[in-house]
Each structure stands twice: as structure tokens, then as C-alpha cells.
Amino acid sequence: MDARRVSQVVPKVRQVGFVTHSDPNPPPQASRAQSVPIESNSGTPSDSPDFSPVMIPPPRHHSENLSHLRSAAVAVPESSSRRPMWDDRVAVVGSYNPGNSLLGQPVSPNSSEVNSEASTTLGWFGRNSSGKFSAGSSFPGGGFDLTTVKMENFTQLEGKKPEAVPERGGGAAVEVHNEVSSSTAKAKTTKAERRAMQEAQRAAKAATKGKGGGGGVEVNNRESSSNTLKAKTTKAERRETQEAQRAAKAAGKAQGNKPVAAAGGAGPGNILRQPSQNRDDPAVGSTIAGSDRRGGDRPPERERKKDVPPPRMQFDDQGRVNKSKKRAVFNQPEAKNRVELFRHLPQYEHGSQLTDLESKFLELDSMHPAVYKVGVQYLAGDVTGGNARCIAMLRAFQEVINDYSTPPGKTLVRDLTAKISSYVSFLIECRPLSMSMGNAIRFQKSRIAKLPLTLSETEAKAALCNDIDRFINEKIILADKVIVRHAATKVRDGDVLLTYGSSCVVEMILLYAHELGKQFRVVVVDSRPKHEGQALLRRLLAKGLSCTYTHINAVSYIMHEVTRVFLGASSVLSNGTTYSRVGTACVAMVAHAFRVPVLICCEAYKFHERVQLDSICSNELGMLVLVLVR
Amino acid sequence: MTQIEPQNQLTLDLSRKHKIEGSQATARQTAELLRSVISQQRVPYTNQAGALIDAVKAIGEQLIAANPVELAVGNIVRRVLHIIREEDLSLTTAAIGGLNLSAVSDDENDDDRDGDSTLSAAAVAAAARSTLRPPSLQTLLEDTPVSAAVPQTSSSGGDSEGKSKSADKSSRSRKLKHDVIEAVNELIQDIVTCHEQIAEQAVEHIHQNEVILTLGSSRTVLEFLFAAKEKKRSFRVFVAEGAPRYQGHLLAKELVARGLQTTLITDSAVFAMISRVNMVIVGAHAVMANGGVIAPVGMNLVALAAQKHAVPFVVLAGSHKLCPLYPHNPEVLLNELRSPSELLDFGEFSDCMDFGSGSGSPLLHVVNPAFDYVPPKLVSLFITDAGGHNPSYMYRLIADYYSADDLVVQRRATAGN
């Protein structure tokens, strides 16, 4: 329980950032300043940061949370009913602290440490030392959503730091925050609030037609949420009312189904609460809130099902294939001799797409040039590797968002989401998405969906771009650094390290270990058709590492002398299998046969909840020509 | 000896420079060479077999030394030696039999006892060896006692003639050479036709709609698959290309030309595909006495993957690939490292492979072994021209083809020289 308490402090500290941040801020932030305390009022906000924006292992948590909420919703006010739940989560965070100490770094995740953090005026990467300790926990335990949580705490501070540091001493910060929040919470009975109250009551009435307890909860939610409505965009309000009514109706219909109404009520509230967090500090956005909102007017079973990833498109389903072909931006000629075994996967004749796509450049007026460029890069194979592709895509989306202006008569949230979706499907046409990109897109969409309606367009765009930056920095760059540091401790003098293909993380590990002055030899195993290992070999040799190069068939010859195998991964699936470049399994298998330890290096944002038993059920097929021509 | 020198030299060259591809061609050429050695060898009046054996050993030693990794050479040399011994033995026993038959035609037990008591040490040794030989399925079915049955079977070749001419010593010496050459011809014939004999068994192993995986290229495998296809079996074949020589491409082309449904995959995709494969059928470079297999590089990977997915791993091997030696550290000792240029372009990496620069040791090593060793536990079945066998049965099969005296060719030969 110690740990629990300790980590409970963390989210509060995070809010120091808000408060101090908003204080000195000029008018535009005024609404934000108000919204912050309300969050704390409603009980969720201080907890919500526990969720990573990526919501990587979501299904379990979601459904747990939701069901918990629903069952508790009957009579108890929402905030209090949520508390214990959140405590549990927080406890988990604490329990991972041992994991941190594994890294050999003392863990003091409470305010004092954070304060020292805040007072240092380091740049983003100077911060890694602290960021690292948090993310490091993902290695041993694998509780990686938690690691992201922790990182967020730090990053928030960083974001705020310039303002925060001069304002207050760290020690006082926590208390200050508490005071401020409570006082501001009281202060807010605005017109908007009153109006929102009315709505809520209306909704509650509708809901109570069907049943008793749920209504009360709703009202509570309503109150807390509507507080944030300070700057009322009337449209949003109207929508909210509608939503609430719909929810209420749904609740009325499903009589025994009280939780629905509660959830429905909680949903909109979360929407509204979200904005302030989003803007101040995007990482805070609780994914729970998001899913609440979306699932608010749906029966719970469906809600739960929604967490399960939808089945992938099976390409032996002729009808669906034809449908998707109609939507396609450019035509992909189907392979003439399709491999029977891969009928469920797209099999295209490669080679002509690039020219076809290039010729259509001028016709694709709806396509953003940045996205187009990335698509062409994917298609031509200029950008490969999970991280590189993901970053390229996110950067393109950043440009898209920068250049975006909401067309008249549309809302940014919906229109931009649709736009991104169309871009994504274009990118999929160019090359199937990697799991990491799927996660990044999910993150991106949830960010957009949770944009506060109160934001002006420019603000929203800035917030989204900021989100993307943070995603890249935290989930990819910082995560890599943490992996590198941790993995380098596994390298001992005299080791012979084997790696397969070209994984950028593994490369960084090797170079870092070399920089540390460790004496080791590297075996680079390569295979057709891409011969990615040669590029890696060249880079390693340029840095003066001693290398042995061989092809995959000879791996059982060379494995005798190998002491460790480092492999990269495209994704780690929820049944524990690793999804990686073809041939990785061979190397791992041979290593196993020779009793050599295998270490897989994978950023946590690549984790995915899909399961897969072998490489055939889902895969990406490369160019056939590459196999035939050497 | 001088007459055969050029031919000998030719084979040595071929062995050294890898101009002969495949153990079958090597085996055939070795056998042909030995046949000519035998035919040109002047046979002394006494101990003809010994003279032939010495001659063959001398040549064999050179051949083996020329390319110790090509085990087929040694196998053939040993088999020719074995043939000489057997023929000599059969002539001897025939002579004895003839004598005995003319003198006392009693029952066979008496016959053996007479042989023991009266005749040469060679006959005693032969009898001893034949009793040492374990029973085969054929001898099990015939209910004659082993000790009695063996002399008859071993002398089957020259029995009828041997009886009549056994007394004539000069004809007998010609007879030995003649018989040996006959037997070597048979051996060559066996080597040439081993594909067909193996392929005949294909229908027993490949069934409708199965998926077969193979690696690299092997003529035996090609014929095997094609034989099943000819018997109207329809099945699919995955061919792993077999880096760094990519002979799988050739095999795939051949299979397609013969109308088999073929899919060419990269070696790295073997693990991915093997979960849908019903059987792995591969060729081998050599089969060791313990049932281990020396095979083209990459085979261990395939075998491990097959074991992981419980897919039968079947090795096709002609009997000329059976090696009577037990492997010790085969990955290193029975391997050969090929040129790095098959893997890397020298131009790009020339600076890194330079021994002269820096500390004197190059940063880059390139490893390009030619063979893999597949331990017997990974092999499900051997299919030879003598039928299908378990890896643990290999030593027994080998005992049929080789005599224990010849297992070490080199030392004996050097001692003789």
C-alpha cells in the first residue's frame, strides 16, 4: 500500500503544472484555468492521466472500468464510485516500482522527485534520465501502459516547466493545487452551468421514466461536467442534450439495464472535461472517457465487443474485395498466380503501382501532398521499418493538420477524422499498415475525437500537432532510449551478439554498448530478398564494431559461438508472440535449439491486442519478383 | 600405375576444383576410375585380392585426400574394397565348397566343420564375419540357420561357374578380376539408377492434396516428386531457395516444367510456411553411420522447424551416400567454407576485409559454410534405394555395404606405402 499511496501523489503533482501554468497565462487560457479545478471536482481528472493516450492494452481495462462504473452507478455518486477503482490502478503503478529499481535507479516517484525535475531546466532529452526510469519498468514486467503513464507525468511537467518553475517551489505545489482546485470548483456557477443543469435534469427525468437509481447519477455527472461549459458553443451543447436524451431513452427502454443510463450520463460529461486536459496537456486524456462517450448510448455487450479488434479483411471474400476496390485510389493489379495458401491476403502484382500512382498525382486533388509523398515512399520501399514508417506517417498528418481548415458547415472533429481515415486507407493501399502505425492512428483519432469543442480551430490544430510531437518523442524516441540503456546492461565483455536483419533499436543498442567500451563481437545474419543486414553491417563497421556476416541458412553453423541474440520486433501480440521480419522466428528457433538467450527489443507502443498463431493467418506479402530475381 | 595416372589426376582435379557437382556424379566417376584401376592392375599369382585391395586403397587415399568433405568418394572406395573382399571370399568358399562337394557331400554342418578344420584362415575369417552379420528380414523369413545360409548367399555370384573351374588357378585369378569388375559395374549401375529405385517409393509417402517442402535442389527429390505426380497424385510443393547458391530456383523451374504446382519461398520464410506443410522431403550430401545427415546449408533450420511443428522430415539418399563413419564435430570437420563473394560484394566491403589495416585483424568476417549437420533425432525417415529406414537403423544398413576392415582407408594405405 505504500506504493499505492506514493503513486497516488503523482497525478496531483502533475496538476501543479496546470495550475501554475494557467495562472500566468493571458486571456485565451482563461477557460482552461477554470476547467482545471472542475476536473478535480468531478474526481476523475486527477486519475485520468493514468491512462496512456495510446491505450495500448485497452480491452481489459476498459471493460473493467465500464462494468465497474455501471454496476456502481445505481445509487452512488459517480465520483466516489470510481475512486476505489482508480486506486487499484494507481496501486498497480506503484507495484511496478520494483521494476524501476531493477534499472539501478532509485525510485522516488513522489512530489519531491518530480519537483526536482521541474526545477531543472533541461531540454526534452536531458530529461531522459528521469523519463527513463519510468519507462524502464516496461522491460521486466511488461506493464507498459503504466510506463507511459509515468512518462506522461514527467512530460507534462516539462511542458509546463518554463512557467511553473519560477512560480512556485515544488514542495508547496501539491497543497496549492488542492486549494486552488477546491476553491475554483466552488466558484463556478455560471450561466452555462445553470443551463447545463437544466438539461441534465431533463435528461434525468427521461431516464427515470424507466428506473430509479440511474437518474441521480446522471444529474451528478451533469453538474460536474457542465461546469466546464464556460465558453459555450451552443452547437455542442445541443448535441450534448440530444445525446443525453438519447441515452435516457435507451435507458428507459432497457429497463433492467440501469448502468446504461449512468454511462450515458457520464459520457458527455467526460467529453466536456476532456478539452481542458487536452489543451493543457494532451496526454492526460483518459481513454476511458473517450470510450464512455462513444459507447454511451450502446448496450454494454456491444461496447465490450467494440474493444475486440475487428476482424481483418479477408481477401478471399470476393464481395468485400470488390467493394474496397471501388474505393481504391489507384488500381492494384492482382497477381496472376495467387498462392493458394494466401488467398485471404491481398496479392498484387507489384511494379506498376508506382507509375500508376505517379500518373494520378494531379487527379488526386483530395490527397494532401505530404500524405501522398509518404505513400509513395512506402510503395517504393524508401521508408521501411516500423518506427520510421510510423514517424513518417505522423509527420505527414502533422502537415495535414497544419494545412487543414474546417470546411463550412462541418465540424473539425468529424471532418478531420474522416479526412485522416481517407488518408489512412490511401496509405494502406500503398502498403499495409504495421501494428505500430495502427496504434498511432488510433491514438491520433482519439485525440481528435476528444478535442474540446471550446477550442478554436487554430488552437485545436496546435494541440493536435503537439500531440503528435509528444507521441513521437515519448512513445518512439524516448522509448528507444530506454530500451537501449536497459539492453546495454545485458551486454557483457566477450559476448558474441547475433542479430538478424536490420532493427534500428538493436543497432542503437550495439552502438551504445560499443560506446560504453564493452568488448563484443556482432554476428549479422541476413537473408534475401531485402538484404537489410548489409546496410546494418556497413553502419556497424563504420563505427568500428567487429562483425561477422552470414546468411540465414548458416545460422546453425554460427550459433555455436553466439552468446546472445538481439532481435527487433514489429509488434508484440497479446498472446506473447512476436511479429517481426520474416526469418526472425528461424533465428529464434535455432537459438533456442542451441540454448542461447534471445532478447526481443520492442517499443511498448507496438504492442497489440490481436492474437495470431502462425505467420500465415495474417501477414504482408512482398513483391513476388524479389523472390525470383536475384 | 603409370597408365592410370592421367585419369587419376583428372579426378583429383575435378575433386579439388569442385568441377563435379553432386555426390552422385562424384560417386559414379570414382567407381568408374576404380574399375579401370582394377582392370589395369596386374594381378600376381598369389594373393590377388590383396594386390587389388592395395591398389584400390592407394588410389582411394589420394581421392579422399583430394576432397575429404566429399564423403561419397570414400564411400565408393570402401565399397569397391568390400566388393573385392566379398568376391575373393566367395571364390574361396566356392573352391572350398567344390572341394567339399567332391570329397564328402554330407549335410552342411559337417561341411562347415570340415572347412574349419582343414582350410585356410581366410575361410575362417569369412565364416566369422558372416556369423557376425546380423539377420536381415530376408534371412528371417527363410528358416535356415544364419551361419549356414550366409556362405550360400555371399557366393551367389560366381557359384555355378566357380564349381566347375575352381581347380584351374590361372582361370581363377582371371575369374576374381572379372567378378570384381562385374560387381563394380553393378555398383555403377546402382548409383546411376538409385533415383528410380527411390522414386518408386514415392507413392507410398506422398498422398493427395499434401503440401511438401523441400530445400535447395536435389535430383533425387526431383525424381521422387515427379514419380508421385506421374501416379496421378496432385500435391503442392514449396521450394526453399537455399541460399547462397539458390539451387531451389532451378528445382522450382524443373518442377514447374513437369507440371507440379510449385511455390518458391525464401529461406527465411521456411518457418512461416512449415505450419501448413505435411512433409519435408530433402536430399542429403551424406548420411553418417549414426543417422546424422550432412546436407546443404540451411537444412538444420528446416529440420528444426519441422520438428517444432511435428512435420515428418524425410531424407532421400542413395546408398552411395551412406558413410560408415561416425561424425565428430561435423559442423566444422565435415564442412567447407565457401567464398564470401557469394554473400557480399567485395567492392563495397573491401576496406573492411583488409587484414593489413589497423590492428591487423579485419573488422569483418564472412562465414559461408557449405553444409549443415542434421542430428539423427531431427530425422523422421531415410528413404534409400533399399527402402525406408529409421535413423537408428543406419549403422545396420551400413554393415551390409562395407566391411569393417575398410573403415579407415587412409591409415592402412599410408602404412602400406
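**View 1. Pairing of β5(B) with β6(B).** Strands β5(B) and β6 (residues 293–296) of chain B run antiparallel and are joined by two bridges; strands (E, at least two residues) and helices (H or I, at least four residues) are DSSP runs, numbered from the N terminus, and two strands pair if DSSP finds at least two bridges between them. B:Ala286 lies opposite B:Ile294 of β6(B). The open sheet here has three strands in the order β5-β6-β9 (chain B), paired antiparallel. β5 (286–287) and β9 (371–374) of chain B are the edge strands, each with a single partner strand, so one side of each lacks a neighbour in the sheet. The model is predicted: local features need pLDDT of at least 70, side-chain atom pairs count only at pLDDT 80 or more, and totals for chains, interfaces and linings use all residues. Residues are numbered from 1 along each chain as its sequence is written, chains are lettered from A and ligands numbered from 1 in the order in which they are written, and side-chain values use heavy atoms, with hydrogens and water left out.

**View 2. Strand β2(B) and its cover.** In strand β2 (residues 236–240) of chain B, five of five residues are buried, meaning under 20% relative accessible area, with exposed over 50% and partly exposed in between (1.4 Å probe, protein chains only). B:Arg236, B:Phe238 and B:Ala240 point one way from β2(B), while B:Val237 and B:Val239 point the other way.

**View 3. Parallel neighbours of β2(B).** Strand β1 (residues 211–215) of chain B is parallel to β2(B) and linked to it by five bridges. B:Leu213 faces B:Phe238 of β2(B). Between β1(B) and β2(B) the chain passes through helix α12 (residues 219–230) of chain B in a right-handed β-α-β crossover; right-handed means that, with the strands pointing away from the viewer, the path from the first strand over the helix to the second runs clockwise. β2(B) also pairs in parallel with strand β3 (residues 261–265) of chain B, over five bridges. There, B:Val239 has B:Leu264 as its bridge partner.

**View 4. Nonpolar surface patch on chain A.** A:Met623, A:Leu624, A:Val625, A:Leu626, A:Leu628 and A:Val629 form a nonpolar patch of about 490 Å². Patch residues have over 30% relative accessible area and no salt bridge; like charges are joined within 9 Å and nonpolar side chains (Val, Leu, Ile, Met, Phe, Trp, Tyr) within 5 Å. A salt bridge is a side-chain nitrogen of Lys or Arg within 4 Å of a carboxyl oxygen of Asp or Glu. Accessible areas come from the Shrake-Rupley method with a 1.4 Å probe; for residues, only the protein chains shown count as cover. A:Leu626 sits in helix α27 (residues 624–628) of chain A and is partly exposed, at 33% relative accessibility.
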